[in-house]
Amino acid sequence: MCLTGVDYFSTLGYQPAIAALAAGILSPLATIVLVLVTLFGALPVYRRVAEESPHGEGSIAMLKRLLPFWRGKIVVLVLLGFAATDFMITMTLSAADATAHLVENPLFPRALEDNRVSITLVLLAVLGGVFLAGFTEAISIAVVVVAVYLGLNAVVVATGLWQVVTTPELFLDWTRLLVAQYPDPLLMVAVVLLVFPKLALGLSGFETGVAVMPLVECDPDDTEERPLGRIRRTKKLLTTAALIMSGFLITSSLITTLLIPAPEFQSGGAANGRALAYLAHGHLGNWFGTAYDISTIVILWFAGASAMAGLLNLVPRYLPRYGMAPRWAQAVRPLVLVFTTIAFLITILFDADVDAQGGAYATGVLVLITSAAVAVTLSTRRQGRPRTTVAFTVISAVFVYATIANIVERPEGVKIASCFIAAVIVVSFLSRAIRAFELRVTDVHLDETAERFIRELSPGPVRLIAHEPHPERRARARDGHEEYRDKIAEELAGHHLPDPDKTLILEVEVTDPSDFETELHVRGEQRGPFRVLRVSGPAVPNAIAALMLHIRDMTGVPPHIYFDWTEGNPVKHLLRYLFFGDGEVAPVTREILRGAEPDPRRRPVVHVG
């Protein structure tokens with residue numbers, strides 16, 4: 001919970017100030033709405049995500065399973081863009097707020113007060129340097145950091161509540177001001193609902209809570225598919241974190257609104273981005289305030305580390321598997337340099353301003369939560385749970401409204417996310433095209449019949465005929481073997497096969513062409529006098545090349561395969577291969593084999609005629 005909390009709980013460093021700036025005297029009421037959405041919206045959604053994604057893949061993986069083929073891949077790439085926005089802005093916003101706590105501390109040298117951007121860049125550079133040296137998330141460190149931070153926050157909140165209780169005119173003045181400015185309760189409710197999307201920063205942390213699931217203990221009788229103990233404990237983790245955060249959000253919003261003058265929340269004010277720190281210094285003295293600042297700086301820095309770790313786990317988990325990342329994306333240090341450079345650019349662009357980055361952060365948070373709500377809604381609908389589906393549809397609608405309202409109000413968030421999305425999609429498809437001729441099969445498995453067919457043709461070279469099946473022609477044939485008989489006759493005339501009786505017919509069925517890597521399962525079938533090998537895979541040439549290399553290793557002799565040329569434009573066929581897995585198969589198969597086996601003497605032979 002504390003590992004999740006370095007991201008979730010650290011928002012207390014700036015959330016009360018942002019809420020007061022967005023909602024004014026309505027901040028406590030708007031925060032109550034935020035808490036209701038947290039407990040009855042985000043929490044149920046992510047408890048369901050924990051059930052259906054018990055290995056930490058999260059809602060993105062759920063959508064990928066629910067939306068097959070290229071549609072699912074495009075959705076994943078777009079969500080990865082928003083996730084990158086969320087994590088990157090977590091790093092830059094947390095570093096900027098840590099700088100604000102540092103600079104506003106009375107003990108900090110005033111001469112350096114105007115160097116906020118430089119200080120923020122130093123904090124980000126230190127963060128990147130730690131990961132370059134080698135970073136391992138330490139749960140024990142997270143526990144200490146979160147425990148100290150929440151303990152100090154509890155002291156500040158308790159002191160503020162005591163002052164409110166012992167000075168009842170503060171609460172009475174606030175209620176009079178509320179009635180004066182909003183005499184109609186419906187107007188008050190409308191304004192609260194309108195400003196709610198600006199408070200979405202308080203919803204961050206749920207995606208991280210699911211991401212840490214692999215660290216949660218399983219029960220001895222748990223299975224790999226359904227680790228019930230881990231799911232139960234993760235639900236407890238999410239619920240406990242949400243309840244703790246909800247209590248702090250309501251109480252901190254109340255005391256900061258009642259005890260801090262409104263002008264101090266504005267840009268340049270002493271409470272801007274650090275409302276609770278303002279109260280810590282004002283009510284408990286500079287020494288306690290300094291301790292609070294140090295604790296806040298540490299947890300905000302650790303939140304940046306958690307975000308960096310999330311990026312380093314997220315990008316290699318998806319993009320290389322789709323063939324949509326360069327090979328170096330699987331290495332930590334190059335990614336750290338890329339992410340740190342982007343963080344520098346964002347910090348300079350936003351001038352290390354917490355308020356300016358709030359919209360971008362809220363956009364990333366809301367889009368991820370909305371995608372999780374939609375994924376859960378689709379999943380419950382597929383499972384045939386109408387009442388649950390209706391409930392999650394309502395929750396999804398709330399988050400869709402909040403997302404759209406936030407984008408309309410603060411479009412800089414979606415602009416940054418669009419840059420990330422465009423970069424992810426462009427780099428992904430360029431990488432996919434560059435890596436198109438890689439051998440993309442991780443393993444080949446032959447059933448007993450297929451292995452027997454190959455053994456029967458040894459020790460000489462195994463000869464295969466590539467055949468595109470035509471089910472409609474097979475259905476019209478008298479004995480079902482006419483198309484094989486015609487294919488053998490065609491290849492005998494075109495290639496002068498030395499012994500047509502000692503050949504295998506190879507058929508490849510395209511499954512999901514958007515997949516990049518896969519295992520091959522080869523089935524042998526006896527169709528009258530013809531021996532047929534059938535295999536399914538995302539791309540025909542890759543499947544053929546992998547099977548040919550496997551036969552070569554199995555028999556010790558390079559096999560031969562026979563193709564016919566495909567009629568049509570070669571560029572069009574290349575695009576068909578990239579997106580649909582077929583196209584001009586023969587030259588692509590040969591190119592894949594050439595890349596996989598540099599020695600021509602050991603390379604399987606491709607014949608085309």
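## First stop: a loop between two helices

Select Ala 352, which lies in the loop between helix 14 and helix 15. Keep in mind as you look around that this is a predicted model. Ala 352 is not a glycine, yet its phi is positive, at about 55°. Most residues other than glycine have a negative phi. Is Ala 352 buried or exposed? Ala 352 counts as buried because its relative accessible area is 8%, and the cut-off for buried is under 20%.

With a relative accessible area of 53%, Asp 351 is exposed, whereas Ala 352 is buried.

## Second stop: inside helix 5

Next, select residues 69-104, which make up helix 5, and find Leu 93 within that helix. Leu 93 has a relative accessible area of 0%, so this residue is buried. Which residues does Leu 93 touch, leaving aside those up to four places away in sequence? Show the side chains of Tyr 14, Val 354, Gln 357, Gly 358 and Tyr 361 to see these contacts.

Colour Cys 2 and Cys 218. Cys 2 is buried, at 14% relative accessible area, while Cys 218 counts as partly exposed because its relative accessibility is 34%. How many disulfides does the structure hold? The count is zero.

## Last stop: the whole chain

Zoom out and show the chain as a cartoon. The C-alpha trace spans about 100 × 55 × 50 Å along its principal axes. The chain has 609 residues, of which 53% count as buried. Of the contacts between residues at least 6 apart in sequence, 79% join residues at least 24 apart.

Switch to a surface view to finish. The accessible surface comes to about 26,000 Å², and carbon and sulfur atoms account for 64% of that. If you colour by charge, look for 52 positive and 58 negative side chains; the centres of these two sets are 4 Å apart.

Definitions and conventions:
Residues numbered from 1 in each chain as written. Predicted model: local features only at pLDDT ≥ 70, side-chain atom pairs only at ≥ 80, totals over all residues. Heavy atoms only, no water. Buried < 20%, exposed > 50% of the residue type's maximum accessible area, 1.4 Å probe, protein only. Contact = heavy atoms within 4.5 Å. Areas by Shrake-Rupley, 256 points an atom, 1.4 Å probe, with all protein chains shown as cover. Lys, Arg positive; Asp, Glu negative; His and termini not counted. Charge placed at Lys NZ, Arg CZ, Asp CG, Glu CD. Disulfide = S-S within 2.5 Å. Helix = DSSP H or I, 4+ residues; strand = E, 2+ residues; numbered from the N terminus.
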